[in-house]
Amino acid sequence: MKAIVLILLFLFIAANEAKVYPKCELASILRQNGINRYYGYRLGNWICMAYYESGYNSRAVGSSNSNGSRNYGIFQISSRWWCNNYQGPTANGCNKPCSAFTNDDITDDITCAKRIVRDPNGMNAWVVWKKYCKGKNLSKWTRGCRL
């Protein structure tokens, strides 16, 4: 009986672990979902940004920002502007609960990221993209991937 309880406990823990995507798997999923060259941003921009935002972790949740908002998912989508975490003011531009961005199905994350990049700020909406990716040679982010 103890063995069954332990097995069930380990299965529960494994099911709740975050998916950390390998770089090329993420690149393939993003490409399949039409993000390459979306609004002029090549795939390397997205892979670089996701790396610095979440380390490719689909369930990442950032610590509280100075305005009380938090960031969610592989792209660290802000509860202040893009999703609703039911903990403060939000514009909820993607019309989603923030919890939608903290699972292993990142298709809704991609849809929201496309919405974000259509705004006048483009990828400048992500501070880490401006700091680490903008204007850089991004070929290394897709090198070795069979796309």
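**View 1. Tyr86 is exposed, at 64% relative accessibility.** This close-up, like those that follow, comes from a predicted model. Tyr86 sits in the loop between β2 and α4. The residue is not a glycine, yet its phi is positive, about 60°. Its label as exposed follows from the cut-off: exposed means over 50% relative accessible area, and Tyr86 reaches 64%.

**View 2. Asn92 has a positive phi and is buried.** The phi of Asn92 is about 45°, although the residue is not a glycine. Asn92 belongs to the loop between β2 and α4. Its relative accessible area is 18%. Buried means under 20%, so Asn92 counts as buried. Tyr86, also found in the loop between β2 and α4, is exposed.

**View 3. A disulfide joins Cys83 and Cys98.** The two sulfur atoms lie 2.1 Å apart. The angle about the S-S bond is 95°, and the link is right-handed. Cys83 lies in the loop between β2 (77-78) and α4 (107-117), and Cys98 lies in the loop between β2 and α4 too, so the pair ties together parts 15 residues apart in sequence. Both cysteines are buried.

**View 4. Cys48 and Cys133 form a disulfide.** Here the sulfur atoms are 2.0 Å apart. The disulfide is left-handed, because the torsion about its S-S bond is about -90°. Cys48 is part of helix α3 and Cys133 of helix α5, so the bond ties together parts that are 85 residues apart in sequence. Cys48 has 0% relative accessibility and counts as buried. Cys133 is buried as well, with a relative accessible area of 0%.

**View 5. Cys24 and Cys145 form a disulfide between distant parts of the chain.** Their sulfur atoms are 2.0 Å apart. The link is left-handed, with -80° about the S-S bond. Cys24 is in helix α2, while Cys145 is in the segment after α5 (127-133); the two are 121 residues apart. Are these cysteines buried or partly exposed? Cys24 has 29% relative accessibility, so it counts as partly exposed. Cys145 has 13%, so it counts as buried.

**View 6. Helices α2 and α3 pack at an angle of about 130°.** α2 covers residues 23-32 and α3 covers residues 43-54. Their axes are 10 Å apart. The two helices are therefore oblique to each other. The crossing of α2 past α3 is right-handed. Which residues make the contact? On α2 they are Lys23, Leu26, Ala27, Leu30 and Arg31. On α3 they are Leu43, Trp46, Ile47 and Ala50. By class, the residues of this contact divide into 7 nonpolar, no polar and 2 charged.

**View 7. Helix α4 is mostly covered.** How many of its 11 residues are buried? The count is 8. They are Asp108, Asp109, Ile110, Cys112, Ala113, Lys114, Ile116 and Val117. Where do the buried residues of α4 pack? They pack against α2, α3 and β2.

**View 8. The whole chain has 5 helices and 2 strands.** Along the sequence, the pattern is α-α-α-β-β-α-α. The chain has 147 residues, of which 40% count as buried. Take the contacts between residues at least 6 apart in sequence: 53% of these join residues at least 24 apart.

How values were computed:
Residues are numbered from 1 along each chain as its sequence is written. This is a predicted model: local features need pLDDT of at least 70, side-chain atom pairs count only at pLDDT 80 or more; totals for chains, interfaces and linings use all residues. Side-chain values use heavy atoms; hydrogens and water are left out. Axes are lines fitted to C-alpha atoms, for helices over the stretch in contact, and angles run from 0 to 180 degrees between N-to-C directions. Helices (H or I, at least four residues) and strands (E, at least two) are DSSP runs, numbered from the N terminus. Angles under 35 degrees count as roughly parallel, over 145 as roughly antiparallel, 65 to 115 as roughly perpendicular and the rest as oblique. A crossing is left-handed if the near helix is turned anticlockwise from the far one by less than a right angle, and right-handed if clockwise. Contact means heavy atoms within 4.5 Å. Ala, Val, Leu, Ile, Met, Phe, Trp, Tyr, Cys and Pro count as nonpolar, Asp, Glu, Lys and Arg as charged, and the others, Gly among them, as polar. A disulfide is a pair of cysteine sulfur atoms within 2.5 Å. Buried means under 20% relative accessible area, exposed over 50%, partly exposed in between (1.4 Å probe, protein chains only).
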